[in-house]
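Reader: I have a protein model open and would like to talk through some of its details. Could you guide me?

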Amino acid sequence: MTDQLTRVAPAQGAESGALKETLEDYTLRFAPRSYRKWSGAVVATSALGGIAYLADFSIGANIGIAHGTGNALWGIGLFAAVIIATGIPLAYYAARYNLDLDLITRGSGFGYYGSVVTNLIFASFTFIFFALEGSIMAQGLHLGLSVPLPVGYLVSTLIVLPLVIYGMKALAKLQVWTTPLWLVMMVGPLIYLLAAHPGSVSEFLAFSGVDENGAPRGEGVSWAGIMLCAGVCLSLIAQIAEQIDYLRFMPPKTPENKRRWWSAVLIAGPGWVLFGAVKQIVGLFLAVYLIANVADGAGIANQPVHQFLITYEEMMPHWLAMTLAVILVVISQIKINVTNAYSGSLAWTNSFTRVTKTYPGRLVFVVVNLVIALVLMEANMFSFLSELLNFYANCGIAWIVVVATDIVVNKYLLGISPKHPEFRRGMLYAVNPVGFVSVIVAAGASIAVFFGLFGDGIAPFSPLVAAVLAMLLPPILAVATKGRYYLRRTDDGIDLPMYDEHGNPSDEKLLCCVSGVEFERPDMLASAVPAADGSKQYISSLALACDKTGLHVLPAQK
């Protein structure tokens, strides 16, 4: 049967640039089994290596300084709960079906073109956090090597370019090799500080925040304070998309590896937030220590490089402390920003190729993402960090919660949305109002609340507005539309099963009639153009995405 299916017309041209590049990073499509040679443990370690960023320390310090330890801890707890609840279904789908979050989003309520809006939300996340991490690295270079901040911004941008060119293989090696050193440099000083200054714990718990002049705020725990803290933290909700860019390379799930498979998915998927929450708490702890024990400490307490430099100085001579602080900052920045640059380039490329049906190469969008991040750094985004993150959180929450709700409620509870993900052109409608309208309304309403259009009293609760609307609207719209806009077709024209006996995507291969290259079954569709002899031929999702004529797109089914 397979031999019969693969005897199609000769290739109509050499491999495209898109095909050559995606053989390494699979920018636009399903990650085939033939490429996924890593164990679950290696994938999980690589994914968690990307959360080595120091922004968490700054975020924890900022929210605690502004609102006190009590509000910060409750806000961080709420943030972690939301991330875990939304992250589990997304991580499962990515690892089970080997798709990135854009491909999952397409079939989870948005449609083939409708998910472009969420790609732009994700691309924004990557360059905002690239700029944040780059700013922290520039601070370290300025403090340790007297490099001017504008030059430091440029260095922190250019240093990741050679590393991100080579895709997943290079990223996996980088993350695995650098993680042990990063852990030692991160955890060691904290343990020393707790042992040498046990009273710092009580200072931390009693801290109520300070104002711009360093005077105590005296603010108690309140719902408004908790939500303001949670809102800043929830700007990180789109981090699950970067975790998924690694999780899509998980090996097939089988009865033999089921326990290890689930452990890797949960730890590297939603589990990232446990590490992130701990880092935020540590960042606030170190900030309180600086404020209480260092002259003018309030002015530098939210800067991770100063947090670790002063902690290292408790243990060793200044010159060695400075050296280690700079090394820590550089390692952390590189570990996360190669992921930010990589994931951002995937998001931009997906959107551009879908809209224009032209593939300029992922590396073009690596440069685009880096240029935008550099502009933000030069504009000193670090000075208005909390405001920027609080605003962004409304968009990120709307997207992630809508997709998670479609999977959990519309697919599994109501059975309206197809359970198996679909991402291929021709199989989906251009726009599905279920997800597209939901995310526009949820994000728009929460942003209006954030800017005080409904009164200053509820402005802190804008993240809650985004989350609630994103949970309620998808099932309402799915029922109202009777699910008719999910699938344009239910049959892709191929007689081979899509999944193997364990429910994993099949590794059977078919020949693409456009590129002349074999692709695995889940990445293929029948072409609407028959071969010269009148027989059926097949086309890859990648070639179909770039088909400007539309001749290969199968007609809609009634």
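Predicted model: local features only at pLDDT ≥ 70, side-chain atom pairs only at ≥ 80, totals over all residues.

Reader: Understood. Let us start with helices. How do the axes of H4 and H14 cross?

Author: Helix H4 covers residues 55-97 and helix H14 covers residues 272-293; their axes come within 9 Å and cross at roughly 165°. Angles over 145 degrees count as roughly antiparallel, so H4 is roughly antiparallel to H14.

Reader: Which hand does the crossing of H4 and H14 have, left or right?

Author: The crossing of these two helices is left-handed.

Reader: And which classes of residue make up the contact of H4 with H14?

Author: The contact has 20 nonpolar residues, six polar ones and two charged ones.

Reader: New topic: rings. How many aromatic pairs are there?

Author: The count comes to 23 aromatic pairs. One of them joins Tyr429 and Tyr485, whose ring centres are 5.7 Å apart with 70° between the planes, an edge-to-face arrangement.

Reader: Why quote two values for a pair?

Author: A pair of aromatic rings is described by the distance of the centres and the angle of the planes.

Reader: Where do Tyr429 and Tyr485 lie?

Author: Tyr429 is in the loop between helix H18 (385-413) and helix H19 (433-450), while Tyr485 is in the loop between helix H20 (462-481) and strand S1 (509-511). The pair therefore ties together parts that are 56 residues apart in sequence.

Reader: What about the accessibility of Tyr429 and Tyr485?

Author: Tyr429 has a relative accessible area of 26% and is partly exposed. Tyr485 is at 27% relative accessibility and also counts as partly exposed.

Reader: Then there are Phe450 and Phe451. What kind of pair do they form?

Author: Their ring centres are 5.1 Å apart and their planes stand at 75°, so the pair is edge-to-face. Phe450 counts as partly exposed at 22% relative accessibility, whereas Phe451 counts as exposed at 55%.

Reader: Which residues form the aromatic cluster?

Author: One aromatic cluster is formed by Tyr92, Tyr93, Tyr97, Trp261, Trp262 and Tyr499. A member of that cluster, Trp261, has the charged end of Lys253 over its ring, 6.0 Å from the ring centre.

Reader: What lies over the face of Tyr112?

Author: Arg354 does, at 5.8 Å from the ring centre.

Reader: Is Lys357 buried or exposed?

Author: Lys357 is at 17% relative accessibility. Buried means under 20%, so Lys357 counts as buried.

Reader: H16 was mentioned. Where is Ser351 found?

Author: Ser351 is found in helix H16, which spans residues 318-356. Ser351 counts as buried, at 5% relative accessibility.

Reader: What about Gln333, buried or exposed?

Author: Gln333, which also lies in helix H16, counts as buried at 0% relative accessibility. The C-alpha atoms of Gln333 and Ala95 are separated by 26 Å, and these residues are 238 apart along the chain.

Reader: Could we close with two more? Where is Ser417, and where is Phe129?

Author: Ser417 is in the loop between H18 and H19 and is buried, with a relative accessible area of 3%. From Ser417 to Asn302 there are 45 Å in space, C-alpha to C-alpha, and 115 residues in sequence. Phe129 is found in helix H6, residues 116-145, and counts as buried at 5% relative accessibility. Phe129 and Ala467 are 22 Å apart in space, C-alpha to C-alpha, and 338 residues apart in sequence.

Note on methods
Residues numbered from 1 in each chain as written. Heavy atoms only, no water. Axes fitted to C-alpha atoms, helices over the stretch in contact; angles between N-to-C directions. Helix = DSSP H or I, 4+ residues; strand = E, 2+ residues; numbered from the N terminus. Parallel < 35°, antiparallel > 145°, perpendicular 65-115°, else oblique. Left-handed = near helix turned anticlockwise from the far one by under 90°. Nonpolar A, V, L, I, M, F, W, Y, C, P; charged D, E, K, R; others polar. Phe/Tyr/Trp six-rings, centres within 6.5 Å; stacked < 30°, edge-to-face > 60°. Buried < 20%, exposed > 50% of the residue type's maximum accessible area, 1.4 Å probe, protein only. Lys NZ or Arg CZ within 6 Å of the ring centre and 35° of its normal.
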